[in-house]
Amino acid sequence: MKKRLVTTMFAVAAVAATMSTGVMADDAHVIGVAMPTQDLQRWNQDGSNMKAELEAKGYTVDLQYAGNDVTTQVSQIENMIANGDELLVIASIEGDSLGTVLADAKEKGIPVISYDRLIMNTDAVSYYATFDNYLVGKTQGEFLVNALDLDNIEGSVNMEIVTGDPGDNNVNFFYGGAMDVLQPYIDAGKIVIPSGQVSKEEVATVNWSTETAQQRFENILSSYYADGTVLNAVLASNDSTALGVENALAANYTGEYPIITGQDCDVANTINMVNGLQAMSVFKDTRTLASKVVEMVDAIMTGAEAPVNDTETYDNGTGIIPSFLCEPVAVTVDNYKEMLVDSGYYTEDELK
């Protein structure tokens with residue numbers, strides 16, 4: 001943990017020189033962008049896409065990554081506020097961790113856009129921008145139903161579940177969307193979970209860590225599949241956890257390879273899809289989300305009405321947060337070139 005920064009004028013100047021993009025309080029139209037970590041590919045893409053688009057609009061961007069450390073993220077946001085950033089876009093590490101610092105933002109009249117992960121239990125959040133996270137989970141669940149032919153097969157299939165960080169509110173939607181599809185098949189005995197690990201608490205992965213997911217799945221394989229039991233499918237909520245599952249399988253499993261879901265279309269996972277080691281990944285084009293957030297920022301900064309398309313779903317504990325939901329799509333080996341290469345998201349060389 002980094003020592004909490006003291007926000008004296010001297011300390012603010014020092015922090016601006018060392019931790020931020022060089023933004024100072026007298027720069028006009030400074031937008032603070034707080035991202036959780038650079039350890040996952042998608043957050044690097046989110047941050048760089050948004051920075052580029054905001055700068056193209058003429059804004060100065062104060063982009064920060066917090067290394068998945070809550071105290072660091074709080075300190076970074078404190079410094080953004082002290083440095084005079086006029087609007088904050090925040091992808092939180094833990095949804096409940098920012099109430100105190102954002103109370104200061106609200107007192108100073110600084111609007112806050114919650115980015116991808118809903119910030120909970122604070123009335124300082126003005127808007128929420130994300131993908132339809134319930135649809136992400138539903139898409140994964142429906143893919144498994146079709147791929148396993150659950151409506152037609154005799155007998156049952158074996159499945160395990162791996163989700164993400166319990167402090168990320170999105171997990172509720174990913175898990176909920178998938179389980180709304182799959183639970184009837186579990187109840188009917190069509191899907192069996194040999195480990196018995198089904199609840200959100202049991203299947204969570206702290207920090208969405210590949211290593212943590214791999215360790216847990218190695219334990220599952222040695223405890224429930226070492227006798228030759230076949231693993232037919234893994235509901236993995238995202239690509240970093242799916243990669244952990246795939247790493248565990250490579251070292252500890254010799255049976256028929258399971259159908260594995262994912263999310264984000266990370267490079268390593270897309271390569272695994274091409275090689276038959278992952279069946280699908282839900283693609284959330286971060287360029288689309290960044291563009292929409294830039295529209296929202298521009299509207300707020302010019303006094304116009306920010307675009308939203310959902311005013312009913314996302315309650316952060318203080319009320320419904322007006323939201324814009326972008327639509328995710330399923331990517332498989334059959335359409336990855338069209339969705340990822342032809343669209344310019346990746347080059348062919350990146351996926352070799």
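In the crossing where α9 passes α10, is the hand left-handed or right-handed?

Analyst: The model is predicted, so local features need pLDDT of at least 70 and side-chain atom pairs count only at pLDDT 80 or more, while totals for chains, interfaces and linings use all residues. Residues are numbered from 1 along each chain as its sequence is written, and side-chain values use heavy atoms, without hydrogens or water.

α9 passes α10 in a left-handed crossing (the near helix is turned anticlockwise from the far one by less than a right angle; clockwise would be right-handed). Helix α9 covers residues 239-252 and helix α10 residues 267-274 (helices are DSSP runs of H or I, at least four residues, numbered from the N terminus). Their axes lie 9 Å apart at an angle of about 55° (lines fitted to C-alpha atoms over the stretch in contact, with angles from 0 to 180 degrees between N-to-C directions). On the α9 side, D239, A242, L243 and E246 make the contact, and on the α10 side A268, N269 and N272 (contact is heavy atoms within 4.5 Å). By class, three of these residues are nonpolar, two polar and two charged (Asp, Glu, Lys and Arg are charged; Ala, Val, Leu, Ile, Met, Phe, Trp, Tyr, Cys and Pro nonpolar; the others, Gly among them, polar).

Another pair is α2 and α11, which pack at about 40° with axes 9 Å apart. These two are therefore also oblique to each other, but their crossing is right-handed. The contact includes M50, E53 and L54 of α2, and V293, V294 and V297 of α11. Its residues divide into seven nonpolar, four polar and four charged.

Helix α2 spans residues 41-56 and holds E55, which is partly exposed at 40% relative accessible area (buried is under 20%, exposed over 50%, with a 1.4 Å probe and protein chains only). The C-alpha atoms of E55 and V294 are 9.8 Å apart, though the two residues are 239 places apart along the chain. L54 is in contact with I31, V33, Y59, V61, V294 and V297, leaving aside neighbours within four places in sequence.

L54 and V297 are also among the residues that touch the most other members of the largest nonpolar core, which has 35 residues (a core joins buried Ala, Val, Leu, Ile, Met, Phe, Trp, Tyr and Cys through side-chain atoms within 4.5 Å). Helix α11, residues 286-301, gives the most to this core, with seven residues. Another core of 23 residues lies apart from it, including I77 and L102.

Notes. Angles under 35 degrees count as roughly parallel, over 145 as roughly antiparallel, 65 to 115 as roughly perpendicular and the rest as oblique.
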